[in-house]
Amino acid sequence: MQSVRAFLLTGLSIVLLWGASLAGAQQITDEQRAFHDRWLATAQRAETVLNTKRASNASLEQLRTEIVEFRDTFNVSRTRNSDRIETLQSQLEALGPAPEDGASEVADIAQLRQRLNDQLDSLKVPEVISEEAYSRANGLISEIDSTIWERTKRELLSRGPSPLNLALWPEAYRESRLALLRLYHETVENFGIGAVRAQVQDRLPVIVILTVLGMVLLVKGKRWSDRVGNYLRSLGGAGSGVWTFVVSLTRILIPWIGVVFISFALQFTGILGVRGTLLVQQIPYLSAVFLSLDWIRRQIVSYAVLNDPEGPIATKATQYRIYVGLLAVFLILEELVRLFERIDNPSEGTLAVISFPLILVTGLVLLRMMRLRRSKFVEPDQFEEEEGHKVGFSSAIDLVQRVVYLLGIISPVLAAFGYVAAADAIVFPAVETIALMATVIILHRFATNLYGWISGKGEAAGDSLLIVVVGFVLTVLALPVLALIWGARSAELAEIWSTLMSGFDVGGIRISPTIFIVFAAVFTIGYTLTRLLQGGLRNSLLPKTRMDAGGQNAVVSGVGYIGIFFTALLAIISAGIDLTALGYVAGALSVGIGFGLQNIVSNFVSGIILLIERPISKDDWIDVNGQMGYVRDISVRSTRIETFDRTDVIVPNSDLISGTVTNFTRGNTVGRVIVPVGVAYGTDPRKVETILSEIANAHPMVLAHPAPSVVFQGFGADSLDFEIRAILRDVNWVLSVKSDMNYEISRRFVENGIDIPFAQRDIWLRNPEALSGNPTPEPDVAPQPARPPAIKPMDLTEADMGDGAGNGDDY
């Protein structure tokens with residue numbers, strides 16, 4: 001306690017110092033002083049409660065709520081003067097450093113520096129106090145959460161009396177009967193009071209109206225829902241399942257409103273006692289539990305009948321209706337047991353005996369449902385791969401099935417050994433988890449049907465990106481509900497949400513959902529505007545200029561890169577991210593870029609050079625590293641070339657800058673074609689030259705200036721070699737022109753009796769006797785050195801050449 005008093009005295013001294021420092025600059029108000037006094041009292045009370053450890057969980061929750069309110073105020077106060085402090089610090093930096101070693105300073109500058117320092121100190125003191133109070137509040141909240149968690153854990157892991165102990169049953173019966181009698185006697189006694197009866201008579205018209213409305217809604221709700229459904233179906237969308245879903249909601253909503261009316265009517269009478277009032281107040285919630293589970297059951301069964309009529313859910317729909325109804329009843333009875341515990345505070349043995357049958361039967365029903373259920377809530381072919389492995393929702397549902405099956409076995413066993421609180425905290429949340437998963441799947445299916453109806457895609461809408469995003473959002477929204485089901489406190493979830501919204505400090509950069517949303521929104525808007533500007537330039541402005549297609553593409557690409565760069569920069573600034581911290585990160589990354597990403601950086605720089613210098617442009621015919629084709633796209637990293645066989649080749653930009661590139665259509669499409677041809681020896685060369693000149697001049701793609709020429713290249717091994725050399729209007733037609741000329745050359749040579757020879761070879765055999773098959777016998781004497789044979793070629797016929805078809809190339 002002495003340490004606590006010392007801490008409080010320190011806090012009071014800081015407050016007094018704050019008030020003194022603000023005198024003449026920023027006076028503290030009476031309201032602020034009263035707020036700090038309340039905070040110090042609340043903090044002292046919280047520390048006392050935590051030290052004694054006697055307060056109930058409800059009291060601790062209430063105390064925690066008060067401290068959270070104080071903490072939120074301090075959180076705002078600690079950054080309230082940040083902008084003003086930053087301005088004053090900038091002013092002091094503008095004055096330069098203060099003189100050292102006792103050196104004098106100009107009086108006016110010294111006065112200004114002192115005034116700025118005083119203002120800076122007066123603004124920093126509230127921030128320091130708020131920061132200290134904020135940290136203290138955070139510490140108290142953490143201690144309260146730890147205390148409640150330790151109590152909950154101790155309660156769940158504590159072993160109580162076993163419900164199988166028969167000695168506890170008479171006491172459980174007596175306490176349960178006594179609770180019902182108390183409820184009955186309270187109601188009878190209240191009705192016997194004259195003032196209550198007079199009150200009932202005065203309120204009788206309202207009571208009757210509420211009761212009649214409630215009964216009408218209960219009786220006529222189904223028929224009215226069908227009429228609403230028929231009207232909605234007449235608007236369109238029949239068969240899509242949209243209006244069927246809406247009608248199913250009205251079928252549970254209308255009866256539930258009727259139950260609420262009847263509940264209000266009973267409470268309005270005033271004849272119920274404390275127990276009766278608490279019980280009637282639970283009726284709307286309990287009816288919502290029953291109707292919701294029945295609605296889930298109807299949706300699952302109807303979907304199964306539609307998509308898997310031979311599956312277990314469709315064929316055993318009656319059994320599922322019974323099982324789901326039992327689970328709903330057991331959930332309602334479990335809530336009544338909790339209400340009985342709060343009102344009459346029964347013994348642990350009584351609670352164990354009352355809860356055990358509910359836990360046992362609920363576990364058995366879960367086991368039975370899991371054994372019956374074999375089909376999925378979703379299409380099997382939608383979430384299964386070809387090998388049969390299950391992915392996505394299907395695998396998650398299978399995992400939940402196995403977990404629920406295990407919990408259905410464990411819970412009754414735990415309860416039998418006395419761990420009734422743990423069993424109760426397992427089996428009923430398992431039921432609620434199944435209901436939550438089924439609800440998410442049903443809502444996802446409804447979103448698919450709705451989008452399919454609106455877009456006209458039908459069942460194909462399930463494969464769209466929007467439906468995947470909707471499924472992700474539904475799953476994220478279900479996580480807090482799932483946490484509450486399994487015992488998480490709403491205060492804990494609020495704390496997590498507050499921490500998430502305040503953000504995290506990563507490397508000096510504050511990351512929070514707000515910053516992310518602002519960044520994403522600004523970047524999306526800037527990116528969209530950039531693309532719109534590119535579209536306007538590409539389709540409207542640039543085509544009206546004299547710039548060629550390659551230049552237009554370069555301008556459009558450059559505008560895109562610059563726009564995206566400035567959009568990202570603007571988004572970072574708008575989100576409030578400090579660019580200085582990003583500069584440090586960029587400096588650290590530069591080392592990795594210099595080593596591991598040098599090829600990527602080289603290609604990036606090369607892409608910029610290509611866009612600026614434009615040695616190649618879109619639709620140019622180029623040849624780079626043996627890859628020939630048309631340039632179809634120049635990006636910042638690579639260039640896409642479409643070859644003549646319609647294959648895309650991705651060439652890094654660095655190869656186009658550092659390598660040798662042949663551009664056949666750079667600047668213009670005029671190019672030369674060379675057509676080689678050979679004629680047999682003995683043909684008149686001038687005649688051949690005349691024929692080839694006529695062929696070249698007659699082709700429409702050949703330019704007259706400069707005129708085509710025929711070149712007598714020389715005497716080949718088998719022919720006299722000529723070439724047609726002509727300049728074409730469009731070099732892109734070079735293959736077609738070459739083919740046309742070859743066809744014409746063949747026709748004209750045949751008409752003029754000019755032969756186009758094929759290759760011929762003379763073959764000389766060193767040992768012709770080997771062909772006769774009679775080897776020379778070995779002499780008996782020592783062999784003498786043989787003379788070299790006479791060099792004389794053999795006389796061969798055409799039959800000896802090749803395959804008999806005159807094809808001498810085979811030899």
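Bear in mind throughout that the model is predicted. Counting ring pairs with centres within 6.5 Å gives 15 aromatic pairs.

Select Phe-35 and Phe-74 first. Their rings make an edge-to-face pair, with 5.6 Å from centre to centre and 65 degrees between the planes. Now colour by secondary structure: Phe-35 belongs to helix α2 (residues 30-52) and Phe-74 to helix α3 (residues 57-77). The two residues are 39 residues apart, and the pair links distant parts of the chain.

Are they buried or exposed? Phe-35 has 19% relative accessibility and therefore counts as buried, since the cut-off for buried is under 20%. Phe-74 is buried as well, with a relative accessible area of 1%.

Next, go to Phe-712 and Phe-715. The ring centres are 5.5 Å apart and the planes stand at 65 degrees, so this pair is edge-to-face. Phe-712 counts as partly exposed, at 35% relative accessibility, while Phe-715 is exposed, with a relative accessible area of 65%.

For the last stop, select Arg-203 and Phe-268. What sits over the ring of Phe-268? The charged end of Arg-203 does, 4.6 Å from the ring centre.

How values were computed
Residues numbered from 1 in each chain as written. Predicted model: local features only at pLDDT ≥ 70, side-chain atom pairs only at ≥ 80, totals over all residues. Heavy atoms only, no water. Phe/Tyr/Trp six-rings, centres within 6.5 Å; stacked < 30°, edge-to-face > 60°. Helix = DSSP H or I, 4+ residues; strand = E, 2+ residues; numbered from the N terminus. Buried < 20%, exposed > 50% of the residue type's maximum accessible area, 1.4 Å probe, protein only. Lys NZ or Arg CZ within 6 Å of the ring centre and 35° of its normal.
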